[in-house]
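Have the viewer open as you read.

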Amino acid sequence: MLPLQISLKGLTELLSPNKRLVFFVGGYGSGKTEVAVNYALHWSHQTTDLSLVDLDIVNPYFRSREQAQLVSRAGIKVIAPAGALATADLPAVPPEIIGVIQDTRRKAVFDIGGDETGARVLGRFHHLIPQHEYEMWFVFNACRPFSRAVEPTVALLHAIEKISRLSVTGLVNNTNLMQFTDLSLLQRGEAVAFAVGEAIGVPLVMNTVACTLVDKAAAQLSAPILPLQLFMKRPWE
Amino acid sequence: MGEKILMKGNEAIGEAAIRAGCRHFFGYPITPQNELPEYMARRLPEVGGVMVQAESEIAAINMVYGAAGAGARVMTSSSSPGISLKQEGLSYIAAAELPCVIVNMVRGGPGLGGIQPAQSDYWQATKGGGHGDYRMLVLAPASLQEMVDLVRDAFALADKYRNPVMILGDGMLGQMMEPVMFKDEEVRELPAKEWATTGTRNHPGRNVINSLYLQPDRLEAHNEHLQRKYAQMAANEVRYESVNVEDADLVVAAFGSTARIVRSAMEAARQEGLRVGLIRPITLWPFPEEAFQQAAKTAKAFLSVEMSAGQMVEDVRLAVNGQKPVYFYGRTGGMIPTPEAVLEKFKKILGGEA
């Protein structure tokens, strides 16, 4: 369903993670949901038994459960609070999550709520998560008020690691200003990402770039690019 | 700072308030506006300000009364049920003529309702949700950039009239993200407030902040003074945006995020050759009556689109004053009108089926 005419360097490897559980964590409003939904859709072309787990229990709107229909059509199982709980902002965690974590045949993308507050929910599962079976990717957008420099970004990353009791294994540069994103902004974001990566010894696993900009960005950015289709639309769009 | 940053509506209000010189915030959590107190809790200590999470909304609004009375630039925020709790305090603040800014990120009601967006607090905001004859200036932004600009204006207007100013948003505006720019210089010096409890440097005696007048003639005189002030506000502060009204057969009234939905529908209608225009009140009080009176001379019909069961439509009817039919389309409970359904309503009205 994602029209990808161009072959992007590193994308195949990116979509064949060595680990079967991929957690997207990061700052509040850094774009984890959009990234998680896109990553799951891309990954679904190369794998089976994939689930998308909406573990966002801090955000009241714009959550991945709103894309359940679209994601289900791609053969991905959506795990999120159902019924009346779906539109609540309650710490409701569906029990099926444990099955996904423990069944070694299954793969899953986890969309975790923002900041350390949102990542707290992972701590409840950390004893079930085998060290060698997960990636925890930290999504950040250098245009967000508290992620514009290296120092606060690193501080947030450490806070998320501490509360989730898991380790960040990669960075996702999702720097964007929505429709005002341009190449120089993407490059600035990648530069911040490399600096953050250097500070903590974690690789930049991908840049996320809107489909419309992918062609131009491919020549300018060094890390692999995940093309993004934007699903989280506002009612007038 | 001329750089664009990507913010949630609630965060953008917080930053705009700080840049407008607000150093005091008192609040109590409620969805969907929590990012605002969270932002203030994080940022205010960095700039020498104070954020207090009060024990309730009632306590918070009374802390606003105290801070405003002491001359501070102060803000509180909440969402519908919490704003209901603040009504007594708002009436006291209006009576004591205290400048402050109150943010309401409206959610579906009545009662506890839900946490999805709504505009059903229009009456409460514009008609005086508390007791007595009082008015608040009510500003309704439709984008995050406008929200940032209006927050700054809100503090200036509050000081100018010594009156509470409300920013009436909805959960959608609070939760969504858009790039914003803080164009204006940061406010570092607040205007002198000689009426405040702290404003006695240049005159002897004390300043008393009070809303109690036991002698009826004194209270009536105070009311007359307030009414003169409200008349000034009504004469000077009306703001609205008008699009495609000149040649429109159908003029639509919508505010806040609903106006953006109507705009999408209007553009689609124009593509099909339907002459639809939009009047978007930016001040809900004072209401832009004159814009509607003017439009009533040329338009064939009016429509109010709201996320409510029909509240602003009454002000549109008062302004149009029976000259042309006024229709209504709304969704409630946190449901959001779609541009398609709004376009359908245009067609029905213009086709004579409504």
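Which residue is the bridge partner of Val138(B) in β12(B)? The partner is Trp285(B). This is a predicted model, in which local features need pLDDT of at least 70, side-chain atom pairs count only at pLDDT 80 or more, and totals for chains, interfaces and linings use all residues. Residues are numbered from 1 along each chain as its sequence is written, and chains are lettered from A in the order in which they are written.

**The sheet in chain B**
- Strands here are DSSP runs of E with at least two residues, and helices are runs of H or I with at least four, numbered from the N terminus.
- An open, mixed sheet of seven strands runs β3-β2-β4-β5-β7-β6-β12 in chain B.
- β3 (50-53) and β12 (283-285) of chain B are at the edges with a single partner strand each, so one side of each lacks a neighbour in the sheet.
- β6 (residues 137-139) of chain B pairs with β12(B) in the antiparallel sense over two bridges; pairing requires at least two DSSP bridges.

**Pocket linings**
- A pocket is an open set of points on a 1 Å grid over the protein atoms alone where a 1.4 Å probe fits, with protein on both sides within 12 Å along at least five of seven lines; lining residues have an atom within 4 Å of a point.
- The second largest pocket has 31 lining residues, and among those nearest its centre are Tyr28(A) and Glu38(B).
- α5(A) gives the most to this lining, with five residues.

How values were computed: Side-chain values use heavy atoms; hydrogens and water are left out.
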